[in-house]
Amino acid sequence: MASPNYATYLHLDQLLTLQRPLTPVEQQDLSDSERLFIVVHQASETLLSQVLVDLRHIDAGRCERHCHAQRVARATRLVGSLEGQLTLLRHTLRREEFMLFRDRFGTASGLQSEQFHELFALVRKLTRRDGADGASGDPRGLTGLDEAVRRWRRTHLELVSHMLGDQPGSAETSGARFLAARLDGTGADGPADTGRAPEDSTGSRPPPAPAGSPAPAGQPTPAGQPTPAGQPAPAGRSGRSGLGHVVVLGGSVAGLLTAHVLAGHAERVTVLERDRYEDAPGPRAGVPQSRHTHVLLTSGMNALEELLPGLLPALADSGAPRLAVPGDLGVWQAGQWISRRNPSRPILTPSRPLLEHHIRRRVLDGSRVHVRTGVEVTGLLGRPGHITGVAVRDRGGDHGTRREIEADLVVDATGRASRTPDWLAALGAPAPAEELVETGRAYATCVFEADDPPEDLSGFYIVPDAGQLLGAIILPAEDDRWMVTLSGPRDQAPPGGTEDFVDFAGRLPHSAPHKWLSSARPVGRPVGYRHTSNRRRRYDRLGPGHTGLLVVGDALCALNPVYGQGLSVAAMNAVALGRTLAGDRASSAHALQRAVLRSARSAWEVATGADSPMPGVTGNAVRSGPVAHLLNRYLDRVRAHVPHDPVVCGANRDVLFLLAPPRTLVTSSEVLRRALRRPPGPTSADLPTP
C-alpha cells in the first residue's frame, strides 16, 4: 500500500495558506515538510495542554462521576490523536527531511519536558489513587488513558529512533537517547536513583525500547537485547541473535558494512580479502571499479549516516564534493536540459578509493571485526542446504596448501565475480535461479584537471535512452580532479586513447560537455569496462531450510553501473540487515537474505526498467509485451515533463535516487494528472541557469 499523502489528511494547501499570515518572517521560506512538522508540533502542544487541563480538574476533585468520566474519555481521545499525529509524520516525512529540520532548528524531539512529566505524574497519581481508595472515577477509564499514554510514548520513541537514531542536534537536543531521558525525567548521567530503571506513566518500568533504537540514557543495553542497526555490541558479549562466528568474503564496501552490522550480533566476525590494504586511498586490483566514477545517492548518504554517524562530514573534510541535483548539474534527458530551479536532492561524489578508505578505517578501528588480507577463498564447506565454513589458501604462496575455516554464517560479498553458485554446485546443492538483463553497453573513464564548467555548473549528466544511446557522467572528485565517464553500445564503445576519448564526447547530443573537455587536461589514459549487465541471483528461493549462507552486494544483485546505484545499494543492504537483526525474533539466514534482497528491489526495477527498451538488450528478465509497451509510453510522457515540471521532476528524481519505489510514478495522482493532461514545457538548447 502506498504511503498516505499528508495533503489528503490535512488539506495542506489551504492549511498553509491560512497559516502564512501567522508565520514569523524567518519561517516563511520553509519547505512544506518543515512547515508540516511545525504545524503538527503546534497542534500537539494544544492537544496536550487540553489533556493537562482535564487531568488537573480531575486531580483537584472538582467533578462528579459523570464529569470525571467525560474528562477521562476526552483525555484518552486526545492522547490517541497525539499518537495519530506522530504516526502521520512517520508515514509522510522522509528521514532526510527530519535531518534537515534537525540541522535547521536544533531539535526534533518533541514537546516541552515539563508537559511530559506533568502528564506522566498525573496519570500515575490518578491511577494509583483509584486503585487504592476507590475514588469516584471509573478505574477502567483511567486504565484506558494509561494505555493510551503508553502507546503515545512508545510511538514517540519509535519515530525519533527511526528518523534520527541517537544522533545529537544542536546542544545535543535530539535523538532517541536524549528523548528517552527527557520522557523519563533522567539527566545526561542517567536516573537519579542509581540502579533503578526510570518509571513510566503508571509507576512501572518503561516498556522495552522499539526495535533498533538505543537504550535510554543511563540504562545499559540488557544482556541478550539487540544493539541498534550498524552499532556493534559491547566487547565480550555476543548479540541476542546468536550468530556465533561470521566469515565475510570480500573486504570492500559491501563486505565492510555488512561486517560492521553483524559485529553487533555475533561472537566474532572475520573478513577475508584477496588484496592487501594500503595505508592511503588507492585503486585495488580486486575492485575493477576503483578507477571509475562513483556516486553516493541521497539514499546511500542516509544509509551510511545511519550505519557510521560522522562518516559523511569526514568525507567532506577530505575533499569529497557534495552536489545538489539538478541544482548544480547540467542534466540532459529526453532531448532537453532539466531546469535547475526544480527541487534538488544531495549527492556525494568521492572517488571509490577515498570512500572505501574511510569506511575501512571506521569499521576496523577499535571494533570486533578482524581482517585477514592476502587470502583467497577456494570453496565452501558443509553439505547441500547447510554451509559450515570456507576453504582458503594464501595468495602468492603455496597454492597446494589448503586450510579450512569453520563458521556459523558465511557472507559472500565478493561482487560480480562471485563463485558461490559454482561452490554450491560442487557440494551437490542447487544453484540459485538468475534473472538477467544484458545491456550490451560499454563505458570508459578518464580523469581530468580543468576549470569549472560554464554557467556555475558542477558537472554534466547526459542520460542515455532508447532513442539516444550515448551517455556521459562528468563529476568532480577530491583533489580538484574531474571523473569523466562516457558510455555507448558495444559497437560504439568509447575509445582507449585520450584524444579519441575527447573526440567521442563530440558525438553526445549536446556540445557543452565536448567543448568543456576540449580545454581540460587528462591525467592518465581512459580505462574501459564492459560488465554492465543487470544480474540478480535468487538465493531467497532456495528456501528456509538452507542455512549458513548469506549473499549481499553485487554478488546478490549486480546493476548496470552507469546508473550509479551500487554504493548506495550496498549501504541499504547493510541497513536492512541491521534492522532485521534488531527485530523481536531471532532471524534465520533465509529471513536475512530476503530482507537484503528487498532492500535492492527498487534499484533493480529502476535499472532493468531503463535498460529493457534499449536496442539489442537480451536476458530472461527483459520487460516486454503489451503491458511493458504501455508502461514505457507512459514513462516517456513522465520524462518529457521532468525538465520543466517541479512535481514530476521531484517524483522522478526520488525514484532514481532510491528514495521512493518506482510504482509511485504510476500511483501518484498528481504525477498522473500532470503527465497525462498537461503538455510538456518548451525545449531549449541553451545550458540551464540556476
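Modeller: Let's start with a pair of tryptophans: Trp332 has Trp337, in strand S5, as its bridge partner. Keep in mind that this is a predicted model. Strand S4 (residues 330-333) and S5 run antiparallel to each other and are paired over two bridges. Step back, and they belong to an open sheet of seven strands with mixed pairing, in the order S5-S4-S14-S15-S16-S13-S17. S5 (336-337) and S17 (521-529) are the edge strands, each with a single partner, so one side of each has no neighbour in the sheet.

The peptide bond from Val325 to Pro326 is cis, with omega near 10 degrees. Most peptide bonds are trans, which is what makes that one worth a look.

Now for two loops between other strands of the sheet. Asp456 lies in the loop between S13 (441-449) and S14 (460-462), and its phi is near 60 degrees, a positive value. Asp479 is in the loop between S15 (471-477) and S16 (481-489), with a positive phi as well, near 65 degrees. Most residues other than glycine have a negative phi. Asp456 counts as exposed because its relative accessibility is 64%, over the 50% cut-off. Asp479, at 60%, counts as exposed too.

Both aspartates also turn up in a patch of negative charge on the surface, where they gather with Glu449, Asp451, Asp452, Glu455, Asp480 and Asp686.

Terms used: Residues are numbered from 1 along each chain as its sequence is written. This is a predicted model: local features need pLDDT of at least 70, side-chain atom pairs count only at pLDDT 80 or more; totals for chains, interfaces and linings use all residues. Side-chain values use heavy atoms; hydrogens and water are left out. Patches are made of residues with over 30% relative accessible area and no salt bridge: like charges are joined within 9 Å, nonpolar side chains (Val, Leu, Ile, Met, Phe, Trp, Tyr) within 5 Å. Accessible areas come from the Shrake-Rupley method with a 1.4 Å probe; for residues, only the protein chains shown count as cover. A salt bridge is a side-chain nitrogen of Lys or Arg within 4 Å of a carboxyl oxygen of Asp or Glu. Lys and Arg count as positive and Asp and Glu as negative; His and the chain ends are not counted. The place of a charge is taken as NZ of Lys, CZ of Arg, CG of Asp or CD of Glu. Helices (H or I, at least four residues) and strands (E, at least two) are DSSP runs, numbered from the N terminus. Buried means under 20% relative accessible area, exposed over 50%, partly exposed in between (1.4 Å probe, protein chains only). Two strands pair if DSSP finds at least two bridges between them.
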